[in-house]
Structure formats: C-alpha cells, structure tokens
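This report describes selected parts of one protein chain. Please keep the sequence and the structure in view while reading.

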Amino acid sequence: MASRKIVATIEARMTSNRLPGKVLMKSLGKPLLEHLVERLAKVKQLDAIVIATTTNATDDGVEALALRLADKYPVTCHRGSEEDVLRRVLEAADSVKGQIIVEITGDCPLLDPDIVTQTLELYLKNTCDYVANCTQLTFPAGMEVQVFSTELLRRADIEGLLPEDREHVSWYFLRNPQLFKLLNLSAPQNLHHPDFRLTLDEIDDYKLIDRVLTELYPRNPNFTCSDMVQLLLANPEWLAINQHVQQKTVEGTP
C-alpha cells in the first residue's frame, strides 16, 4: 500500500476575540507562529505544513510570514473562510493534496513534536477514524493534536450542518461516536498536568509562554513537554501568572 501524504494544518488568524494579533506576537524576536512551525518541522512523518488563515486583510501578515518561512520549512499558506473553519482546513489539506490531516491550532506555539508523533503513530498503527490527545484532558493545555483522514473531513463537510460543526473542525466526529472509531492518547504520569496552561488565549498566557521560551529555548531549541513541566514544577509561582484564565471548550467536545 502506497504511503499517504500527511499534512499538518495550523488554524491561525489575527482577529482573536480575547487577544487580537496573538499568533504574530513575538518571543525571542520571532512570532509565536514561527516557533510553532519550527517545532512542527521536527516531526519527520509530516510531508507538508499549511497555515490555514482567513481571507481577511487583517491576515495578510500571517500569509507574509508563511511565505518567508517557506524558504526554510515545508510550509505554505491557504486562505479561506473565517467562520467556516471546517471548510478552511479541508481546503488547506486539499491545497497540497494531503490525505491525512494533523490538525493544530495557532494557540499552541509550544507544542511538543514528540507528542505530535505519538498521536500520529497511534492513528497510523490502528484501525480507527480519529485520534486525539484532548478528548480526555490529561496533557497540559497547549499540547492538543487531532489526526484524521482528509476523506473523513470531506464527509463531515457534507454532513455537518450545525454551526458548531463548521466552527469546530472535529465537532461532527465527536458528537456522533456511534458512527466513528475514536481513540484518545493519554499523557504518561510525568506529563499528567491538565491544569497547566501552556496555551495562548489571553495576555497572561503570552507572559508565561514568553517566560518559558526565554528560559528554555536558548539552552535547547528542542525542549520537550517534560522540560516545560519540570520548569513549572520548579517555579510554581509561574503557574500563578495565568491560572485565572478560563480554558476554552476543548475543540470537538460537544
């Protein structure tokens, strides 16, 4: 059987309600979206990375970043609907003829490539429709990965008629568990910290992410989720920076 083309899609836009422009906010002189692309590029199984942004003029800067990064990484940009995120991701995958989608959001600039690899391997080695590590929260927030085929998303595009189906890419799968085989990757005990916030929703999230990058990246650009957890356990006062931020509903959870 011929191998299938695997593409990571990153949903990223500048018009976030809680923190506008967050994906291009900088840490160590680089946009957070660039940090995410750099980390995803370490996942050997990925054939392509597509930044799925919107057709809004406000996202011209997102496309410009993708074009700049294309000289260094296997990254392109697709621009689609702001509201119909499902269709935007499907079109992004189709733009590079991707057959398996590794769905990522721009909220996760510290995403661990090893966790992406583990989630993808669970999908590839099992007979299933969908694999994620966030349908049951065990990893720190900011490590979310979802994997499914482009054809499955094409089915959701046809059958998913609720507004939530269009806004949350995997919502249709998870609200119809009787139709699909769904698997969840759970965190090992040393990474079992779902109360840790390494995701980007508000300004205090940015402050913590910037602090983590400033501490870990210069010493080792390949720092892992374990490194981040150990850093936070050693500096519990850092957790207070964004502990008040309310976590958004996990994508795909009806």
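Predicted model: local features only at pLDDT ≥ 70, side-chain atom pairs only at ≥ 80, totals over all residues.

When neighbours within four places in sequence are set aside, Glu 82 is in contact with Arg 13, Thr 15, Thr 54, Asn 56 and Arg 88. With one of these, Asn 56, the side chain of Glu 82 forms a polar contact of 2.9 Å. Lys 181 stands 99 residues from Glu 82 along the chain, and the C-alpha atoms of the two are separated by 29 Å.

## The open sheet

Seven strands form an open sheet with mixed pairing, in the order E5-E4-E1-E6-E8-E7-E9. Strands E5 and E9 (182-184) are the edge strands, each pairing on one side only. On average, neighbouring strands of the sheet are turned by 25° against each other, direction ignored.

Strands of a sheet pair through backbone hydrogen bonds, in either a parallel or an antiparallel manner. Strand E1 (residues 6-11) pairs with strand E6 (residues 100-105) in the parallel sense over six bridges, and Thr 9 has Glu 103 as its bridge partner in E6. Helix H1 (residues 32-40) packs on the sheet and touches E1, strand E4 (48-54), E5 and E6. The direction of H1 makes about 165° with that of E1.

## Strand E8 and its partners

E8 pairs with E6 in the antiparallel sense over four bridges, and with strand E7 (residues 130-132) in the antiparallel sense over three bridges. Gln 146 of E8 is the bridge partner of Glu 103 and also of Ala 132.

Which way do the residues of strand E8 (residues 146-149) point? Gln 146 and Phe 148 point one way, while Val 147 and Ser 149 point the other way; all are buried.

Nonpolar side chains tend to be buried together in soluble globular proteins. The largest nonpolar core here has 61 residues, of which Leu 40 and Val 102 touch the most other members. Helix H8 (residues 203-216) gives the most to this core, with six residues. A second, separate core has 24 residues, among them Ala 48, Val 50, Phe 148 and Phe 180.

Leaving out residues up to four places away in sequence, Leu 40 touches Ala 8, Ile 10, Leu 46, Ile 49, Ile 104, Leu 111 and Val 116.

Key:
Residues numbered from 1 in each chain as written. Heavy atoms only, no water. Contact = heavy atoms within 4.5 Å. Polar contact = N/O pair within 3.5 Å; in protein donor to acceptor, adjacent residues only side chain to side chain. Core = buried A, V, L, I, M, F, W, Y, C linked by side-chain atoms within 4.5 Å. Buried < 20%, exposed > 50% of the residue type's maximum accessible area, 1.4 Å probe, protein only. Helix = DSSP H or I, 4+ residues; strand = E, 2+ residues; numbered from the N terminus. Pairing = 2+ DSSP bridges. Axes fitted to C-alpha atoms, helices over the stretch in contact; angles between N-to-C directions.
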